Structure formats: C-alpha cells, structure tokens
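Thanks for coming. I'll take a few minutes on one structure, so please have the sequence and the model open.

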Amino acid sequence: MAENENGADKSEEPTAKRRQEAREKGQLARSRELNTVAVMIGGIGGLLVSGSSLAQSLMAVMRGSFEVSRETLLQPDAMAQMLLAAGLVALKATLPLLFMLLVASIVGPISLGGWLFSGKAMAPKFSRMNPLSGLKRMFSTHALVELLKALGKFLVVLAVALVVLTAYQDDLLSIAKQPLELAIAHSAEIVGWCALWMACGLIIIAAVDVPFQLWDNKQKLMMTKQEVKDEYKDSEGKPEVKGRIRQMQREMAERRMMQAVPEADVVITNPTHFAVALKYDVDKGNAPVLLAKGGDFLALKIREVAQEHKVMVLESPALARAVYYSTELDQEIPAGLYLAVAQVLAYVYQLRQYQAGQGKRPDPLRDLPIPKELRRDE
C-alpha cells in the first residue's frame, strides 16, 4: 500500500478534485512504449505506402545531380536552381512519410490520457536538480521497471529480427543479381516490412507498459483519510464559516422582508406564533404575493413594523399557518387560498372605507374557507 511523506497509508481512492488538479499539472498516465510503437508503425506504414515512389524520386535526384551538361555548369545560378529542384522533389517524395509520422506522434500520446496542454508541466522544476533526488530515482521501483522494459525490448526486437531476417534471406540474396533501380526499390520494400514486423513485436512491451502506467499513476494519486477530510473541508467550507454565511444570509433576508412589510396590504397573524404579509397588485391582476413571513420573534417584528407603518394587522390563525407553510417569499399564494385571502382583502378595503367615513362597518371575519390539504395545526 502506498504511503505519503509522513508515512500515512494512502488507502483512499483519488477524488475528482484530486484527478482534476493532477491533470492541470500534467500528471497523466503516459506510456513512452505506446508512443514509440505508434510512431514506428506510422513511419513504417508511410514508408511502405510511398517507398517505391520515394526510391524512384531519390534516383531521379541522383541522376539529375550527376548528369550535368557543360553548358549548365557555366551558368552562374545553375547550382542553386539544381539544389532547389532536388529539394522540391525530395520534399514531395517524403511528404506522405512525414504526414504519417505527424499523425502517429499525435495519436500515440492522446490515446492514453487524452489531449492536454499544461503550462505547469512545462515550468522548470529545480527539485530535479537535487543529486539526492536523482539517486533516489535511479534506485527506485520505477527505474527497475524501466530497466526490465529495456531488456524486454532488446530481447523482443532481437527475436523478431532473427525470425524476419531468416524469412527474407532468399530475397536479400537475390538483390545482388537485380538491376540497380529494381534492387533499390526491392531493398526499400524489404526494409519496410522487416521494420514493420519488429515494430509489431514492440506491441507486446506496450501492452504490458500501458496497464502498469495506469496503475502507477493511480498509486501516485491515492489519498490518505486525512487528505480526503481536508479536501472536503476546503471544497465545502469549514462548519463555522458555513454557519456564519448562513447567519448572514438569514439576516439579509430578514432585512429585505422588513423593508417590504410597509408595502403590504395586510398582515395576518396567528396571533403570536406566525405572521405573514400579503400584497395584491390590482394593475397586474395576479394572485396576492407573500412579502414577508416569520415565526415567534420574527413574527413579532413583522407586527411591529406593520403597526408602525399603519398596515392592517388581522388575526386569523388557520389562514396565517396555511400561508406560512404553503408559500415562499415573493411567490403567489396557492390557488386553494384565493377565496380566503380575497375575503380578507375585501374586509380590509371595507374597513378602510369605514374608517374614512365612506361606508358602514364590515362584519368580522369568520370561518374562512381553507382546504383541508392546506390546513396546518399548531
């Protein structure tokens, strides 16, 4: 089991945050053996595809370079023109091979770990210049694995080379009897296939190295129980800080409610445990909206602010509890309470008319229609 620098066991799986931070630092599972195999197979594939035309182009360059007439040599810019022409022919001939190498050099690394560009990975690390750290890396488990891989590659390539050379022995001997142009093309073909078979032999090393790199990278990211707890605290916040934030949020919400109470049309109370402030906008024509609500001490504050700003305060315990539990701040009351709240608003309007000397005193509110599903007991 892996241990950190303090000797604690890294028994916990790496979290998503730990993986993301490692990715940002460029700490991904990478296999040099997989990259080598991809580049070799890509390059050899390009050689096999364009080997014949590449050989013919090289022969054309050699022929053009040596078969130069006396008139051409006397021209001052003849050599520059010949060099440019030879370079263009060589570039055109090697372009398919270069393209295959480019594709292979990109596909190889991103096939394990995906695409990543990290500035932190490219930043210089002075810790690597420490001789003690270098000696530690030389005699580490990772160095032993690299040594075993190098030995395995040597043995695999040697075995595949012996098998391939034995299989192509007759073809190699027949090259000496062929014309020059045919021998060159034949040689390029044999070299390409021999190299391809040897590169395929390295797939065995890559197949062993890829799981090891995945396992090794995971071991480096493993965490101790304390690291998991510390990360949770950092991401979620310390309990005392979270409590303080919630308290500040409550205080801000209470201040907003108290500022909205003077705009209410009516405050309905329990009369002591609950208080809700409602407002009905005639112009919008929507349902009444809950501006403030609170229990116990906050209910007392709502009643005091309402009385201070001459907002009507009515006692209706059942309706106060129903609105308190069924409606959130700045939301419309549920449809089941429309009739009961409408009767309250009508009573408030009639009472104001009576107080202004423009009507008779309304009858007190009794038995407001509140649906059973919205009723809440004390």
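Asp330 is exposed, with a relative accessible area of 62%. This model is predicted, so keep that in mind for everything I say. Asp330 sits in the loop that links α13 (317–326) and α14 (338–355). Its phi is positive, about 65°, although Asp330 is not a glycine. In general, most residues other than glycine have a negative phi.

Lys310 is another such case: not a glycine, yet with a positive phi of about 60°. You will find Lys310 in the loop between α12 (297–308) and β4 (312–315). Lys310 is exposed too, at a relative accessible area of 76%.

Next, charges. How many salt bridges does a search of the whole structure find? The count is 1. That salt bridge joins the side chains of Asp216 and Lys220, at 3.4 Å from N to O. Both residues belong to helix α9 (residues 180–221), where they are 4 residues apart, about one turn of the helix. Are the two partners buried or exposed? Asp216 is buried, because its relative accessible area of 14% is under the 20% cut-off. Lys220, on the other hand, is exposed, with 52%.

Last, the surface. Leu151, Phe154, Leu155, Leu158 and Leu162 make up a nonpolar patch there, and their accessible area together is about 490 Å². Phe154, one of the patch residues, is located in helix α7 (residues 141–167). Phe154 counts as exposed because its relative accessible area is 52%, and the cut-off for exposed is over 50%.

That is all I have.

Conventions:
Residues numbered from 1 in each chain as written. Predicted model: local features only at pLDDT ≥ 70, side-chain atom pairs only at ≥ 80, totals over all residues. Heavy atoms only, no water. Patch = residues over 30% accessible without salt bridge, like charges linked within 9 Å, V, L, I, M, F, W, Y side chains within 5 Å. Areas by Shrake-Rupley, 256 points an atom, 1.4 Å probe, with all protein chains shown as cover. Salt bridge = Lys/Arg side-chain N within 4 Å of Asp/Glu carboxyl O. Helix = DSSP H or I, 4+ residues; strand = E, 2+ residues; numbered from the N terminus. Buried < 20%, exposed > 50% of the residue type's maximum accessible area, 1.4 Å probe, protein only.
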